[in-house]
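Good morning, and thank you for coming. Please look at the sequence and the structure as I put them on the screen.

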Amino acid sequence: MKKTPDEEDQRVIWSPQPKQAEFMRRTEYEALYGGAAGGGKSDALLIEALRQVDIPHYRAILFRKTYEQLSELIDRSQTLYSLAFPKAKYNDGKHMWRFPSGAKIFFGNMQYAKDRTNYQGKRYDFIGFDELTHFTWEEYSYMFSRNRPSRHPRSSKKTICYMRGATNPGGVGHGWVKERFIAPAEPGTTISEELTIRDPDGKPISIVRDRVFIQASVFDNKALLDEDPEYLGSLALLPEKERKALLEGDWDSYEGQYFKEFRAAPDLNAAREHGCTESAEELLRQRRWVHVIDPIDLTHGEARNWTIYRSYDFGYARPFSCAWWAVDFDGTLYRILEMYGCTKVPNEGLKWTPEQQFKEIARVEREHPWLRGKEILGVADPSIWDKSRGESIAETAAKWRVYFTPGDNERIPGWMQCHYRLQFDEHGFPRMYVFKGCDAFIRTIPLMMYSTAKPEDLDTTQEDHAADDWRYMCMARPIAPLRPPAQKELQFINDPLNQLKGRNDRWTNSR
Ligand SMILES: Nc1ncnc2c1ncn2[C@@H]1O[C@H](COP(=O)(O)OP(=O)(O)OP(=O)(O)O)[C@@H](O)[C@H]1O
Ligand SMILES: [Mg+2]
């Protein structure tokens with residue numbers, strides 16, 4: 001029997017799968033739907049944006065990093081939105097859906113941090129980020145200020161303001177996303193943060209903001225698996241790290257990590273491969289197959305005479321990073337202490353003036369038993385000698401008797417030196433260690449990712465300040481690699497020698 005138009009309207013266009021429903025049920029201010037590829041994340045985000053489209057003054061925006069990536073999301077919205085709201089219209093020029101009520105859903109990109117300003121003065125009730133780990137913290141957090149409701153003079157309806165994200169692990173934002181959503185609690189648990197702001201009279205007002213992480217798995221997306229049973233097989237074929245990230249939603253292993261070899265705990269797999277049977281505790285005691293170790297007392301024995309260095313990367317709005325290093329008689333480096341100018345927010349600087357920073361550095365060097373009375377060799381970011389804005393930062397430092405020589409800022413050779421330092425010899429001894437307590441280094445080094453623009457380099461939009469001070473230090477005491485990196489076999493898709501075969505017998509015969 002033919003359906004009436006009304007019955008036709010009752011068709012189910014889309015219904016959430018159980019995990020999507022869990023994500024869409026959450027009432028926290030921020031929720032992130034993340035984990036494995038193909039979990040139905042982008043669909044959930046697109047549908048979530050529709051929740052308030054019956055309110056005329058509702059405004060939503062969905063972000064992807066680049067416009068090309070956004071077009072995938074827009075294409076899917078063409079299917080879902082026009083089925084759900086046949087009268088809704090998409091405006092290509094404005095990248096905007098207009099719904100019969102007057103509500104609008106925009107699509108936006110933020111390829112560069114400066115693109116944030118495109119959203120200045122705008123406001124949105126709902127803000128969604130697809131592939132959140134492609135964004136930096138600055139880009140994401142800027143949008144908090146754009147997330148506010150508006151009243152309409154002719155409407156009594158009120159909108160609800162909130163933010164949603166969806167993502168796979170990996171990408172430049174992997175570090176802050178992991179710290180904000182994944183590390184603090186088990187998936188599905190509300191993470192509450194109390195923030196204090198001051199009213200104009202200076203009275204503190206405390207605000208609690210909640211957020212939550214919902215773990216997606218490709219197995220949650222039955223629709224996809226039914227439609228494309230081969231998809232699991234395609235994921236299984238990926239290289240190990242990428243597979244763990246994309247199939248299992250593992251946040252600890254991902255492609256693009258720059259210092260994969262850094263070990264905060266003994267690497268038992270490598271140790272076993274080299275025939276070591278010791279426990280992790282024993283390896284830590286022996287300082288083998290590990291970089292982070294218990295501090296050595298530098299006031300006793302021969303360690304009293306080790307050379308001390310200070311490495312420094314300037315920062316104001318971003319953290320500054322100052323580290324002290326000891327060099328033993330074999331030339332091994334120890335990162336012994338650090339002073340890192342960061343607020344509780346990742347990559348946000350304390351905004352201490354150079355004066356404040358060097359006063360504090362000088363105080364530590366006067367008072368700390370490992371540093372007191374020592375001659376300290378300083379090495380720093382060469383840009384601190386810049387005099388274009390008056391007194392250089394290096395001159396300010398000198399006033400506090402904190403002296404530096406300019407660090408070698410050749411980036412790629414510098415990073416190679418960092419890699420050489422981390423290499424383990426066949427017994428599991430590296431040529432640098434980090435004392436427990438150097439928390440900024442231990443936290444940020446595993447987060448460093450390759451640059452997509454300059455493949456050999458590290459992505460500079462991340463929290464790379466401890467990495468930079470470490471690089472200046474390594475360049476001050478350069479070393480040779482332990483062994484040449486394993487040579488990969490040349491694999492030409494069109495092997496030039498094959499191309500010549502048969503065509504130039506004289507040349508091939510002469511080989
Ligand atoms: N509730 C649903 N009903 C029907 N199909 C769905 C549903 N959720 C997702 N799908 C389909 O599954 C496929 C994958 O979903 P989606 O693109 O949302 O996954 P994803 O987690 O964003 O994947 P990726 O990690 O690749 O970005 C899409 O083609 C989508 O149409
Ligand atoms: Mg997606």
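Predicted model: local features only at pLDDT ≥ 70, side-chain atom pairs only at ≥ 80, totals over all residues.

Which of the 15 residues around ligand 1 come nearest? They are Gly40, Lys41, Ser42, Asp43 and Ala223, where a residue is near a molecule or strand if its C-beta atom, placed from the backbone, lies within 6 Å of it.

Residues are numbered from 1 along each chain as its sequence is written, and chains are lettered from A and ligands numbered from 1 in the order in which they are written.

Helices (H or I, at least four residues) and strands (E, at least two) are DSSP runs, numbered from the N terminus. The largest share, three residues, comes from α3.

Let us turn to the strands; two of them pair if DSSP finds at least two bridges between them. Strand β9 (residues 204-216) pairs with β1 (residues 30-35) in the parallel sense over six bridges, and Gly34 stands opposite Gln215 in β9. With β8 (residues 191-198), β9 pairs in the antiparallel sense over eight bridges. These two strands form a hairpin with five residues between them, and Gly202 in the turn has a positive phi of about 85°.

Finally, seven strands form an open, mixed sheet in the order β10-β16-β13-β12-β11-β14-β15. Because β10 (292-293) and β15 (405-406) each have a single partner strand, one side of each is left without a neighbour in the sheet.
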